Amino acid sequence: MHKGVHLTLLVGPVVPIPVPRPVLDALTGVEVTQDTGAASGFKLTFTLTNRSPLQTIFLVAAGQTPMLRVIIIATIDGTPQVLMDGVMTHNQIAPGSEPGKSTLTVMGEDLTKVMDLIDFSGFPFPAIPVEGRIALIIAKYAVFGLIPLIIPNLFPDVPIPVERIPAQQGTDLAYIKKLAEDAGYVFYIDPGPAPGTNIAYWGPQIKVGPPQPALNVDMDSYTNVESIRFSFKTSETTIPVVLIQNSLTKIPIPLPIPDINPLQPPLGLIPAPITNVTVLRDTAKLSPSQAIAKGVAAAARSADAVEGVGDLDVTRYGRILRARQLVGVRGVGLAYDGLYFVKKVTSTLKQGEFKQNFTLTRNGLVSITPRVPV
């Protein structure tokens, strides 16, 4: 029997502190979105009287502090889990449905927003490999609890200073994302595991690991999903073709890249048929290893032809469904049962309610595993 959900809200510059009780009493809704393809975001909704000092407090704090940090923690059965660690980006006030009351909405993004504020173009990195540059950049934000988790590039490229000295282009976030794209990697900041700490991950998109408890459909008392629907997109699968330039003749050589990646094994037995061919023309300027890595990442993205979208009640599910991890599905049928990669999760908390909307993906129909963890 679950004891319910307890919400903790911390707000402050750089090192946030728990908000006073009047702020929690005025909080009517929390929405947190984790997306593998974009920055995570949050939205806090407060219902205040027109004379409430909290309106001025939020507005003044946002105006005087360029980075007002917000940490949202949900505790289930005594176990705290960090839903969001980010900064406020903007807020708005609108008249409420009742006379004399207003609705204050505070919105923000995860800590990647802090890394996207200052342009450091031209900062040199002599004789420093890509991994070293990323570690140096992330070290700037240690005060925000960023812990780097950097997976070395399979094809390292250490520049020789007498030949070239790499220089940063754009903000820290833009530069790290550019390095990740060139290597076929991803970069994101995952909150936790402890409040105030964050994992800054730079590496391949990993689709292996222990799965989360299964999502059960149409299984009587074991059902823990309110709704779910699946689609099989057969017209969007493509095979990328990278262009590798011959150093002697300067003639580009096309090289098709199949969807073969040990860190993203197939989750379905029947993949979608390949219906398109996409030429990645910007790879001719890269080294052969960088071009192949970029093609492998593009092939993995296009292979996810099966998509599932649904809703669940966290108190019924028993835990918080996390994005960027695997999860099992049972009770839908032979074609769609099995393991999936959780692509996106939107958590919505209200008084006495904690629900999540999720998006699942995988590369084909019919599960490769006979059973999934319950």
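Buried means under 20% relative accessible area, exposed means over 50%, and partly exposed lies in between (1.4 Å probe, protein chains only). The legends below use these words throughout. This is a predicted model, in which local features need pLDDT of at least 70, side-chain atom pairs count only at pLDDT 80 or more, and totals for chains, interfaces and linings use all residues. Residues are numbered from 1 along each chain as its sequence is written, and side-chain values use heavy atoms, with hydrogens and water left out.

**View 1. Confidence along the protein chain.** pLDDT is the predictor's confidence in each residue, from 0 to 100. The mean for the protein chain is 85. A value of 70 or more is reached by 88% of its residues. Elements are DSSP runs numbered from the N terminus: helices (H or I) have at least four residues, strands (E) at least two. Among the elements, β8 has the highest mean pLDDT, 96. Helix α2 (residues 53-64) has the lowest, 61. Where pLDDT is low, the predicted coordinates should not be read in detail.

**View 2. The salt bridge between Lys-233 and Glu-307.** A salt bridge is a side-chain nitrogen of Lys or Arg within 4 Å of a carboxyl oxygen of Asp or Glu. By this rule the count comes to seven. In this pair the closest N and O atoms are 3.6 Å apart. Lys-233 sits in the loop between β12 (225-232) and β13 (238-245). Glu-307 belongs to strand β17 (residues 306-313). Lys-233 is partly exposed, because its relative accessible area is 26%.

**View 3. Lys-140 and Asp-172, a salt bridge from loop to helix.** The N to O distance is 3.2 Å. Lys-140 lies in the loop between α3 (130-139) and β8 (146-150), and Asp-172 lies in helix α4 (residues 172-183), so the pair ties together parts that are 32 residues apart in sequence. Lys-140 is partly exposed, with a relative accessible area of 40%. Asp-172 is buried, with a value of 0%. Side chains of opposite charge can pair when their charged atoms come close.

View 4. The side chains meet at 2.8 Å, N to O. Both residues lie in helix α4. They are four residues apart, about one turn of the helix. Asp-182 counts as buried, because its relative accessibility is 13%. Lys-178 counts as partly exposed, because its relative accessibility is 39%.

**View 5. The open sheet β14-β13-β16.** Two strands pair if DSSP finds at least two bridges between them. Three strands form this sheet, and the pairing is mixed. Its edge strands, β14 (252-256) and β16 (276-280), each pair on one side only. Neighbouring strands are turned by 30° against each other on average, direction ignored. Five bridges join β13 to β16, and these strands run parallel. Across them, Val-242 stands opposite Leu-280, and Pro-240 has Thr-278 as its bridge partner. β13 and β14 also pair over five bridges, but in the antiparallel sense. There, the bridge partner of Val-241 is Pro-256. Six of the eight residues of β13 are buried, so the strand is mostly covered.

View 6. β9 and strand β10 (residues 198-203) are antiparallel, with six bridges. Ile-189 stands opposite Ala-200 in β10. Contact means heavy atoms within 4.5 Å. Axes are lines fitted to C-alpha atoms, for helices over the stretch in contact, and angles run from 0 to 180 degrees between N-to-C directions.

**View 7. Leu-9 and the largest nonpolar core.** A nonpolar core is a set of buried Ala, Val, Leu, Ile, Met, Phe, Trp, Tyr and Cys residues joined through side-chain atoms within 4.5 Å. The largest has 45 residues. Leu-9, Leu-44, Phe-46, Ile-72 and Leu-215 have the most contacts inside it. Strand β5 (residues 68-76) gives the most to this core, with five residues. Leaving aside neighbours within four places in sequence, Leu-9 is in contact with residues including Ile-17, Leu-24, Leu-44, Phe-46 and Ile-72. Another core, of 24 residues, lies apart from this one, with Val-114, Tyr-141, Leu-173 and Ile-189 among them.
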